[in-house]
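New page in the notebook.

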Amino acid sequence: MGVRIGTAEKAGATEQVRAFGRVTPDETRIHRLTAGLEAYMTAISAVTTGSRVARDQWLATYSTPEARLPVSSFITAVNVLDREEKMAKRDPVSIAAARTSVGLAVDRLLTLGMSRVQIDEIRRDRATVTAVKITSPVDGFVLARNGAAGQRFDAGAELFQIVDLQRVWILADVPVADGEWIKP
C-alpha cells in the first residue's frame, strides 16, 4: 500500500506559484541625452529605437555658434593649468585654482550635451568647435530617438534615451492567496 510511518517534525517545503509578469528596465539605468543649447542637428547616425549601441558610440552632431565661448573658455583654462604646472616655481594655490577653472569649464561643456570623448579631443587638439557630438554614455539599447538631420530644437530637448539592461526589474502580479509563498 506504500504507507510509511515516521515522527512529525518541521521541515522546509516549496510551493510553486505561477504569475504573469513583465521585464522592465531599472529606471536608474535609463540615460536621457539632452541638448544644452538651442541648435540644429547637422548629422545623425543610423541607430533607431531598439538599436544596440556601444559606450562612446557616436549618435549625432548638433551645431550652434553659442558653443564657441564655453569651448574657448575650456581651452584657456587648460592652457593656464598647463602653464602653472610647468613653471619652475610651482605655486600650489595657483595650480588648485587652475584645476578648479578646468573643472568648471568641463561641467559647462557637459551641460551643453558634449561627451567626455569630445572634451578629451578638444583638450588634446586645443581647437575651438561649434559642433557638439553626442555619444552613448553606456553599452545599451536606444529607447527613443527624437531628431533628424536639419531639425532645429530648443535647449533642454531630449534627443536620445539609452538604456543599460545589465540589471532589470521583473514586475509580476501575485494573487493575495499566494502572497504568503513569495519572499525577496
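Which element gives the most to the lining of the largest pocket? I looked it up, and the answer is S2, with three residues. A reminder to myself before going on: this is a predicted model.

**Entry: the pocket**

I stayed with the largest pocket and noted its space, about 300 Å³. Its lining is made of 15 residues. Nearest the centre I found Met114, Ser115, Arg116, Thr135 and Pro137. Strand S2 covers 30-34, and along with H3 and S6 it is one of the elements that give two or more residues to the lining. I also sorted the lining by class: six residues are nonpolar, five are polar and four are charged.

**Entry: the sheet with S2 in it**

Next I followed S2 into its sheet. Four strands make an open sheet here, in the order S2-S9-S7-S4, and they pair antiparallel. S2 and S4 (52-53) are the edge strands; each has a single partner strand, so one side of each has no neighbour in the sheet. At the S4 end I checked the pairing with S7 (residues 140-145): two bridges join these antiparallel strands. Val53 is the residue I found opposite Gly140 in S7.

**Entry: the other sheet**

What is the order of the strands in the open sheet that holds S5? I read it as S6-S5-S3-S8, four strands with antiparallel pairing. S6 and S8 (152-153) stand at the edges, and since each has a single partner strand, one side of each is left without a neighbour in the sheet. S3 and S8 run antiparallel and are joined by two bridges. Across from Phe153 in S8 stands Ala39.

I then picked out Ser63, which sits in strand S5. Is Ser63 buried or exposed? Its relative accessible area is 12%, and because buried means under 20%, Ser63 counts as buried. Setting aside neighbours within four places in sequence, I listed its contacts as Ala39, Tyr40, Thr42, Thr130 and Ala131.

**Entry: a loop residue**

I moved to Ala35, in the loop between S2 and S3. With a relative accessibility of 2%, Ala35 is buried too.

**Entry: the core**

Last stop, the largest nonpolar core. I noted 36 residues in it, and the ones with the most contacts inside it are Leu59, Tyr62, Phe74, Ile134, Leu159, Phe160 and Ile162. Two or more residues each come from strands S3 (39-44), S5 (58-63), S6 (131-135) and S9 (158-163), and from helices H1 (68-86), H2 (92-112) and H3 (116-125). H2 gives the most, with seven residues.

Which residues does Phe160 contact, leaving aside its neighbours within four places in sequence? I wrote down His31, Arg32, Leu33, Ile44, Val47, Leu59, Ala60, Ile134, Val142, Ala144 and Arg145. Leu59 and Ile134 are also on my list of core residues with the most contacts.

Conventions: Residues are numbered from 1 along each chain as its sequence is written. This is a predicted model: local features need pLDDT of at least 70, side-chain atom pairs count only at pLDDT 80 or more; totals for chains, interfaces and linings use all residues. Side-chain values use heavy atoms; hydrogens and water are left out. A nonpolar core is a set of buried Ala, Val, Leu, Ile, Met, Phe, Trp, Tyr and Cys residues joined through side-chain atoms within 4.5 Å. Buried means under 20% relative accessible area, exposed over 50%, partly exposed in between (1.4 Å probe, protein chains only). Contact means heavy atoms within 4.5 Å. On a 1 Å grid over the protein atoms alone, a cavity is a set of points where a 1.4 Å probe fits but cannot get out, and a pocket is an open set with protein on both sides within 12 Å along at least five of seven lines; lining residues have an atom within 4 Å of a point. Grid points are joined across faces, edges and corners, and a volume is the space filled by probe spheres set on the points. Ala, Val, Leu, Ile, Met, Phe, Trp, Tyr, Cys and Pro count as nonpolar, Asp, Glu, Lys and Arg as charged, and the others, Gly among them, as polar. Two strands pair if DSSP finds at least two bridges between them.
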